Amino acid sequence: LSKIKEPIYFLDFECISDAIPAFKGVKPFEKVPFLYSLHILKNNELTHSGYIMKPGCDERLEMAQSLFNRIKEIGTIIAYNSSVEREMISALSKYEPRLKKVLGWFCDLEIPFRNNYLYDKDFKGSNSIKTIYDVLIKDEYNYHNLECNNGRIAMELYRNIDSFDSKGINDLVEYCSLDTYACYRIYMYLKNIVK
C-alpha cells in the first residue's frame with residue numbers, strides 16, 4: 001500500500017474472444033476489449049469515466065486514445081487480477097503507443113487475498129472480487145442487484161446488442177463500473193485496517 005501514489009486509477013476491461021474474429025487483424029480467440037471503466041481517486045475526490053465501443057464497430061483506436069487522455073498523469077493503476085488489464089493496455093498500445101509507459105504503474109489488488117494476507121472464513125476459499133467485496137464491504141450496491149453480474153454474461157450481452165441506446169448497454173456499463181468501484185472500496189478498506 002505504501003507504494004501506491006495518487007492519482008490512483010481503478011481500471012477494468014470487458015472483452016470478447018471469438019472463434020471467428022469480429023475485426024480484421026484479430027486472431028481466433030484473441031481478447032478484444034469492448035468496454036473499460038475507470039474510477040480515479042485524486043485529492044480525496046473520486047470520479048468515474050469509461051468507454052464502450054459501438055457493437056460491430058472496431059473503435060480500438062478511439063478507446064486507446066480515450067484511455068490515454070484519462071491516465072496520462074503519472075500515478076498508480078489498480079486492477080483486480082491485473083493480467084487482463086495489462087494485456088489489454090499492451091494490445092491498445094498498438095493504436096496509442098504512449099500507453100506503453102503505464103504498464104509499469106500497475107498494482108494488483110488481488111495479491112493480499114490470493115496470498116492470504118487477509119482472510120475471512122466467509123470467503124469460503126474464494127478470492128474473486130465479487131466474494132471479497134460482498135464479505136468485506138457489505139454494500140447495498142452489489143453484484144446481486146445487477147442483471148449483468150459476471151464477465152460471461154457481459155460478453156454474451158454485448159454480442160447480442162442490436163441498438164446502442166439499449167438497456168443492455170446500460171447494464172454493461174453498470175457492471176464494469178461496479179468492478180472498479182469495488183476495487184476502490186476494497187483499497188480503502190485495506191488502507192483503514194493497516195492504520
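Reader: Which residues of α4 are buried?
Author: The model is predicted: local features need pLDDT of at least 70 and side-chain atom pairs count only at pLDDT 80 or more, while totals for chains, interfaces and linings use all residues. Residues are numbered from 1 along each chain as its sequence is written, and side-chain values use heavy atoms, with hydrogens and water left out. Buried means under 20% relative accessible area, exposed over 50% and partly exposed in between, with a 1.4 Å probe and protein chains only. The buried residues of α4 are I129, T131, I132, Y133, V135 and L136.

Reader: Why is helix α4 (residues 129-136) described as largely enclosed by the rest of the structure?
Author: Helices (H or I, at least four residues) and strands (E, at least two) are DSSP runs, numbered from the N terminus. Contact means heavy atoms within 4.5 Å, and the cover over the buried residues of α4 includes α3 (111-114) and α6. Helix α4 is largely enclosed because its buried residues number six of the eight.

Reader: Which residues does Y141 touch, not counting residues up to four places away in sequence?
Author: Y141 belongs to the loop between α4 and α5 and is partly exposed, with a relative accessible area of 30%. Its C-alpha atom is separated by 9.6 Å from that of A182, 41 residues apart along the chain. Once residues up to four places away are set aside, Y141 touches Y133, E174, S177, L178 and Y181.

Reader: Are α5 and α6 roughly parallel or roughly antiparallel to each other?
Author: Two packed helices are described by the angle between their axes and the distance between the axes. Axes are lines fitted to C-alpha atoms, for helices over the stretch in contact, and angles run from 0 to 180 degrees between N-to-C directions; angles under 35 degrees count as roughly parallel, over 145 as roughly antiparallel, 65 to 115 as roughly perpendicular and the rest as oblique. The axes of α5 (residues 151-159) and α6 (residues 167-194) come within 10 Å and cross at roughly 150°. The two helices are therefore roughly antiparallel.

Reader: In which crossing, left-handed or right-handed, does α5 pass α6?
Author: A crossing is left-handed if the near helix is turned anticlockwise from the far one by less than a right angle, and right-handed if clockwise. For α5 passing α6, the crossing is left-handed.

Reader: With which residues is D171 in contact, leaving aside its neighbours within four places in sequence?
Author: D171 is found in helix α6 and, at 13% relative accessibility, counts as buried. Apart from neighbours within four places in sequence, D171 is in contact with E147, C148 and L157.

Reader: What is the order of the five strands in the open sheet?
Author: Two strands pair if DSSP finds at least two bridges between them. β1 and β2 are antiparallel over nine bridges, whereas three bridges join β1 to β4, which run parallel. β4 (residues 76-79) and β5 also pair in the parallel sense, over three bridges. With this mixed pairing, the order is β3-β2-β1-β4-β5.

Reader: At about what angle to β2 does α6 run?
Author: α6 lies across β1, β2, β3 and β4. Its direction relative to β2 is given by an angle of about 40°.

Reader: What is omega for the cis peptide bond that joins E6 and P7?
Author: Most peptide bonds are trans. P7 is placed in the segment before β1, and its bond with E6 is cis. Omega is about -5°.

Reader: What is the phi of K124, which is not a glycine?
Author: Most residues other than glycine have a negative phi. K124 lies in the loop between α3 and α4 and is exposed, with a relative accessible area of 71%. Its phi is positive, about 50°.
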